[in-house]
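Me: I've got a structure open and would like to talk through a few spots in it. Can we go one question at a time?

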Amino acid sequence: MDHARHRSVREHWTAFRESPFLPAVVLLFILAAAAGLFAGSYCYAMANPAPRHVPMAVTGHGESAHLVQALDAGLDTSLSIRHYATYAAARAAVDEQREFAILVLQGDRAQLDVAAAAGASVSRLLTQAAPIAGQKTGVPLTVRDIKPLQPTDPQGLAIFYISLASVIIGFVGAIQLSVHARALNAGERISFIAAYAVLGGLAICAVVDGLLGVLDLPFKESWGICALTMFTSGMVFTMFNTLVGRWAMIPTWGLMVLIGNPSSGGAVSWPLLPSPLGLIGRWLPPGASVNAQHTAIYFHPHQHVLPFIVLAAWSLVATTIFVVWRHRHPGGRDTAPAHAR
């Protein structure tokens, strides 16, 4: 009797394992966990941003120690102070995005120059803390914005949305190719991912700039960044689809959405992010995309090569893995002649 019962259990388990219900049950728990992680990752990074490390330039002549201490106390952080011999040198450091503000000492007065375009959230916090610090120290402290955001994007979030659209559509497009164009071979699949990346990047820039007028974009450069971001995101999914098959969405979502987007610095500037996110964000495709777009739009003469290297490296690694192990990819077709087959 026990033997028959055990055999019946094994048969039922085998039937369940081979049915569509097993992956459905697994997805049930994965999706529930993903929902909690998604909400948690964004709330952890963005709900209550607090400054951890804010680079600030100091120039001019006067008493700065008390002002810096008062600003530190008001921000509950440790300002990273660097002294510059001239205001021009300090302003160049802001343009190169090495500093987020300039404290200009003017004898018994002072001026705080913030740069909203360098980091809107940091600029808001400094603007709020500066008058309080001036009152506490008895030093009249005025605030001005030397690099304002475009008036049609007062919160500085449009760049984050542009990059978010590029990332999401990038890997969703690759998913749709896997479902609806499963028979594409390696070269064909890469070509179609590149094609929708180019067209998708054009559509994003045309809508944001031409149709809605939300941002005045350096069109060709922003288009190229969007296209490269979409291609990278699509190839990242294709790489994971090659390595882990039908579960590729899990590592793609984790890398690009749960970790990549909150740490990108698009919605919350990196000095306000929790330290681990602030460190790794710029090395992931979403962060590289935000950095490249941000500099192209507001600091065009000072564009950095690092974001493009990051995007190109992810694209190259993902494409190489897919091509080398393309026999493991669930798509493709046999192109040999019928007699050879």
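Me: Before we start, what kind of model is this?
Reply: Keep in mind where the coordinates come from as we go. What you have on screen is a model that is predicted.

Me: Let's start with serine 315. Which helix is it in?
Reply: Look at the stretch covering residues 306-324. Serine 315 falls inside that run, which is helix H12.

Me: Is serine 315 buried or exposed?
Reply: The relative accessible area of serine 315 is 6%. Buried means under 20%, so serine 315, at 6%, counts as buried.

Me: Which side chain makes a polar contact with the side chain of serine 315?
Reply: Leave aside the neighbours within four places in sequence, and serine 315 is in contact with Leu228, Phe231 and Thr232. The polar contact between side chains is 2.6 Å, and the partner of serine 315 in it is threonine 232.

Me: How do the axes of H8 and H12 cross, and at roughly what angle?
Reply: Helix H8 spans residues 219-244, and its axis comes within 8 Å of the H12 axis. The crossing is left-handed. As for the angle, the axes cross at roughly 35°.

Me: How many residues of the contact of H8 with H12 are nonpolar?
Reply: H8 brings residues including Leu228, Phe231 and Thr232, while among those from H12 are Trp314, Ser315 and Ala318. Sorting the residues of this contact gives 6 polar and 1 charged. The nonpolar ones number 13.

Me: On to the rings. How are the planes of phenylalanine 160 and tyrosine 161 arranged?
Reply: The structure has 3 aromatic pairs. In the one made by phenylalanine 160 and tyrosine 161, the ring centres are 5.9 Å apart and the planes sit at 55°, so the pair is tilted.

Me: Which relative accessible area does tyrosine 161 have, and which does phenylalanine 160 have?
Reply: Tyrosine 161 is partly exposed, with a value of 48%. Phenylalanine 160 is buried, and its relative accessible area is 6%.

Me: What about phenylalanine 171 and tryptophan 253: how far apart in sequence are the parts that this pair ties together?
Reply: Their ring centres are 6.4 Å apart with planes at 85°, so this pair is edge-to-face. Phenylalanine 171 lies in helix H6 and tryptophan 253 in helix H9, so the pair ties together parts whose separation in sequence is 82 residues.

Note on methods:
Residues numbered from 1 in each chain as written. Predicted model: local features only at pLDDT ≥ 70, side-chain atom pairs only at ≥ 80, totals over all residues. Heavy atoms only, no water. Helix = DSSP H or I, 4+ residues; strand = E, 2+ residues; numbered from the N terminus. Buried < 20%, exposed > 50% of the residue type's maximum accessible area, 1.4 Å probe, protein only. Polar contact = N/O pair within 3.5 Å; in protein donor to acceptor, adjacent residues only side chain to side chain. Contact = heavy atoms within 4.5 Å. Phe/Tyr/Trp six-rings, centres within 6.5 Å; stacked < 30°, edge-to-face > 60°. Axes fitted to C-alpha atoms, helices over the stretch in contact; angles between N-to-C directions. Left-handed = near helix turned anticlockwise from the far one by under 90°. Nonpolar A, V, L, I, M, F, W, Y, C, P; charged D, E, K, R; others polar.
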